[in-house]
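Hi everyone, thanks for coming. Today I'd like to walk you through one protein structure, so please take a look at it with me.

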Amino acid sequence: MAEQEKRKKETPQKKQPGVEAEMRPKPRTEKASHRGSGKLEGRVALITGGDSGIGRAVAIAFAKEGADVAISYLNEEQDARKTAKEVENEGRTCLLIPGDIGYESHCREMVERVVKELGRLDVVVNNAAEQHPQESIEEIDREQLERTFRTNIFAMFFVVKAAMKYLKAGAAIVNTTSVTAYRGSPKLLDYSSTKGAIVAFTRSLALSLAEMKIRVNAVAPGPIWTPLIPSTFPKEKVEKFGEDVPLGRAGEPEEVAPCFVFLASDDSSYMTGQVLHPNGGEIVNA
């Protein structure tokens with residue numbers, strides 16, 4: 001059965017963040033063909049939104065490459081425990097940190113806890129995000145606008161600020177932006193605006209930290225099957241999600257995670273301020 005046909009059975013979720021445990025079909029978050037080669041051996045990574053979707057796939061891939069992982073999430077305990085189990089199955093440690101990254105005090109406490117419990121911090125993956133479609137700009141109220149910006153871009157400032165006293169030469173920061181930063185999205189005005197801000201943040205921070213030998217890059221996924229989709233869109237849109245890209249389907253989190261491994265590891269040692277585009281073939285002239 002095609003993935004699109006399977007999604008016809010998917011029941012839209014009523015609130016964000018979505019829950020991966022309730023999804024049908026489940027996103028694929030681990031490539032069976034991935035055999036780790038120690039690219040992140042001995043390193044510690046913090047992944048926001050690491051409980052499910054792309055964040056979970058990145059956590060598993062990092063663990064396969066030898067990293068201990070801390071994942072932050074809002075309140076999706078079941079998903080977070082599942083991710084921790086997958087990381088631990090690879091023989092690595094997974095620290096679970098619930099809370100709202102939209103608040104600077106929580107981000108400071110989160111980073112301090114990572115260093116205290118895991119001993120160091122080498123890789124920061126700013127991945128968590130939320131989106132709320134509206135038909136027009138008139139329907140985006142102040143509360144939604146502030147909430148989307150707080151989660152999607154303010155949190156990146158908060159996390160990086162807190163991490164700076166621990167990151168050393170050779171550390172890496174990887175931010176999750178989106179194809180919507182490049183082609184726009186008429187019903188996701190605030191979301192796509194934050195994703196554009198993340199591109200500028202990535203490029204500017206890369207220049208700022210270059211002398212410290214800390215690299216900053218980003219990944220701009222296209223349509224990826226994650227809990228954000230059934231928790232955002234109505235059933236008819238979920239059924240056709242991803243069909244409009246050249247490859248004709250939505251991507252899976254496991255197809256995005258290798259970009260993060262590459263940018264977090266020394267394989268990308270001569271790259272900073274760049275964006276990778278796992279988007280099913282959309283040409284964005286980036």
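Before we start on the sheet, one term: two strands count as paired if DSSP finds at least two bridges between them. Please also keep in mind that this is a predicted model.

With that in hand, let's look at the sheet. Here 7 strands form an open sheet with parallel pairing, in the order 3-2-1-4-5-6-7. Its edge strands are strand 3 and strand 7, residues 275-276, and each of these pairs on one side only. If you zoom in on strand 2 and strand 3, you'll find that they run parallel and are joined by 5 bridges.

Helix 4 lies across strand 1, strand 2 and strand 3, and runs at about 160° to strand 3. Helix 5 lies across strand 1, strand 4 and strand 5, at about 170° to strand 4.

Let's stay with helix 4, which spans residues 104-118. Its 15 residues reach 21 Å from the first C-alpha to the last, close to the 21 Å expected at 1.5 Å a residue. Which residues of helix 4 are buried? They are H106, C107, M110, V111, V114, V115 and L118. These residues sit on the same side of helix 4, because they cover an arc of only 165° around the axis. They pack against strand 1, strand 2, strand 3 and helix 5. On the face turned away from that buried side, you'll see the exposed residues E109 and K116. Just after the helix comes G119, with a positive phi of about 95°.

My last topic is charge. Side chains of opposite charge can pair when their charged atoms come close.

K82 and E86 meet at 2.9 Å, N to O. They are 4 residues apart in helix 3, so about one helical turn separates them. K82 is partly exposed, at 40% relative accessible area, while E86 is buried, at 15%.

R183 forms a salt bridge with E282, with the closest N and O atoms 2.9 Å apart. R183 lies in helix 6 and E282 in the segment after strand 7, so this pair ties together parts that are 99 residues apart in sequence.

Finally, R28 bridges to E254 at 3.1 Å between the closest N and O atoms. R28 is in the loop between helix 1 and strand 1, whereas E254 is in helix 9, 226 residues apart.

Technical notes. Residues numbered from 1 in each chain as written. Predicted model: local features only at pLDDT ≥ 70, side-chain atom pairs only at ≥ 80, totals over all residues. Heavy atoms only, no water. Helix = DSSP H or I, 4+ residues; strand = E, 2+ residues; numbered from the N terminus. Expected span 1.5 Å × (residues − 1). Buried < 20%, exposed > 50% of the residue type's maximum accessible area, 1.4 Å probe, protein only. Arc of directions from axis to C-beta. Contact = heavy atoms within 4.5 Å. Axes fitted to C-alpha atoms, helices over the stretch in contact; angles between N-to-C directions. Salt bridge = Lys/Arg side-chain N within 4 Å of Asp/Glu carboxyl O.
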